[in-house]
Amino acid sequence: MTVDRAIVEKVSDTLVRAGSTFLPDKKEAYRKAIEKETNPQSKWVMEKVLENAEAAERNHSPLCDDTGIPHIVLEIGENAVVTGGTLESVREGVRQGLRKLPGRPMAVKGTDEQRIAQSQGMYEDPGMLDAAPILIRRTEEDVVRVHVLMFGGGPAIQGHTHRVYHKHGTEAVFGQIVEWAKESTKNLGCSPCTLAVGVGRSHYEASSLMLQALVDGRYDMQSDMEQEITRRVNESQVGALGLGGDTTVLATFMKVGPQRASGVRIVCMRPCCCFEPRIASCEL
């Protein structure tokens, strides 16, 4: 299949930006957290995280040695056209971006069984790392926009996707999210975190909503629900790198989808590490 070289280059550059750059609102969130932090050790950690991010942006180098698994959200306007060639061009852009960043070689060789066991080793080429399945959503704008997110392993290990009995109220759901987050941030280590939460009707929907929450979330614009979760998790005083302090979570990004008449809600919660969300976007 022929690829569009312009799309390949745009996506490649976007992946490098995602893996090496903090967005402006995230930088400002760190500055505000540093200013108000009362624990000197945690303040120092956050200062170094921000310094690291600024150095990575200048050098176009990875924010973390766990460079992450690419996750793609594709937004398509009403009159926009996306073909199989477009999708393959995006995938090729991801492959080239992983080589350019460079990504850490993490693609596992072998058959299904061998990959599960990781018995055949890994490919040395970072470009062999497949992106997660592309998530497509519509937009009111007449564009095709690509969002690239790089997901590290630690938050995946500490994340949760489970059913929660809502008991005809929000407290059971919020309480479970807070309980998960307090335990996860303590065990993750790479805090302060950004919590990403999706609430849906199935495991797939909740996970996709969690991903979209990261795309749409802003540190300088939080809903009452998001602020409440952040406040309650910060009461744990886990702090940066678990050293204690006022900032365990910088913000919560939450997206609630359609719900069904049922006693349960399916909730996906990802405790993004101090460098996540690693995200950048481009228009094709």
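In helix α9 (residues 224–234), the buried residues are E226, I229, T230, R232, V233 and N234, where buried means under 20% relative accessible area, exposed over 50% and partly exposed in between (1.4 Å probe, protein chains only). These buried residues of α9 pack against α7 (171–188), β5 and β6, with contact taken as heavy atoms within 4.5 Å; helices (H or I, at least four residues) and strands (E, at least two) are DSSP runs numbered from the N terminus. This is a predicted model, in which local features need pLDDT of at least 70 and side-chain atom pairs count only at pLDDT 80 or more, whereas totals for chains, interfaces and linings use all residues. Residues are numbered from 1 along each chain as its sequence is written, and side-chain values use heavy atoms, with hydrogens and water left out.

- Residues up to four places away in sequence not being counted, F22 touches K27, Y30, V49, L50, A53, L63, C274 and F275.

**E75 and its surroundings**

- E75 is found in strand β1 (residues 69–77) and is buried, with a relative accessible area of 8%.
- Leaving aside neighbours within four places in sequence, E75 is in contact with R137, T139, V143, V144, R145 and H147.
- The side chain of E75 makes a polar contact with the side chain of R137 at 2.7 Å; such a contact is a pair of N or O atoms within 3.5 Å, of which, within protein, one must be able to donate a hydrogen and the other to accept it, and residues adjacent in sequence count only if both atoms are side-chain atoms.
- E75 also meets R145 in a salt bridge between their side chains (2.9 Å, N to O), and because E75 lies in strand β1 and R145 in strand β3, the pair ties together parts that are 70 residues apart in sequence.
- Both E75 and R145 are buried.

**Other salt bridges**

- A search of the whole structure finds 28 salt bridges, each defined as a side-chain nitrogen of Lys or Arg within 4 Å of a carboxyl oxygen of Asp or Glu.
- E54 forms a salt bridge with R31, the closest N and O atoms being 3.9 Å apart, and this pair links E54 in helix α3 with R31 in helix α2, 23 residues apart.
- E54 is partly exposed at a relative accessible area of 29%, and R31 likewise counts as partly exposed, at 38%.
- The side chains of E276 and R278 meet in a salt bridge (3.7 Å, N to O); E276 is buried at 1% relative accessible area, and R278 is buried at 3%.
- Through salt bridges that share partners, E75, R137, E141, R145, D216, K255 and E283 are joined into one network.

**Strands β1 and β2**

- Strands β1 and β2 run parallel and are joined by five bridges, two strands being paired if DSSP finds at least two bridges between them.
- The bridge partner of L74 in β2 is I136.
- Strand β2 (residues 135–139) has a covered face of L135, R137 and T139, and an uncovered one of I136 and R138.
- In a regular strand the side chains alternate between the two faces of the sheet.
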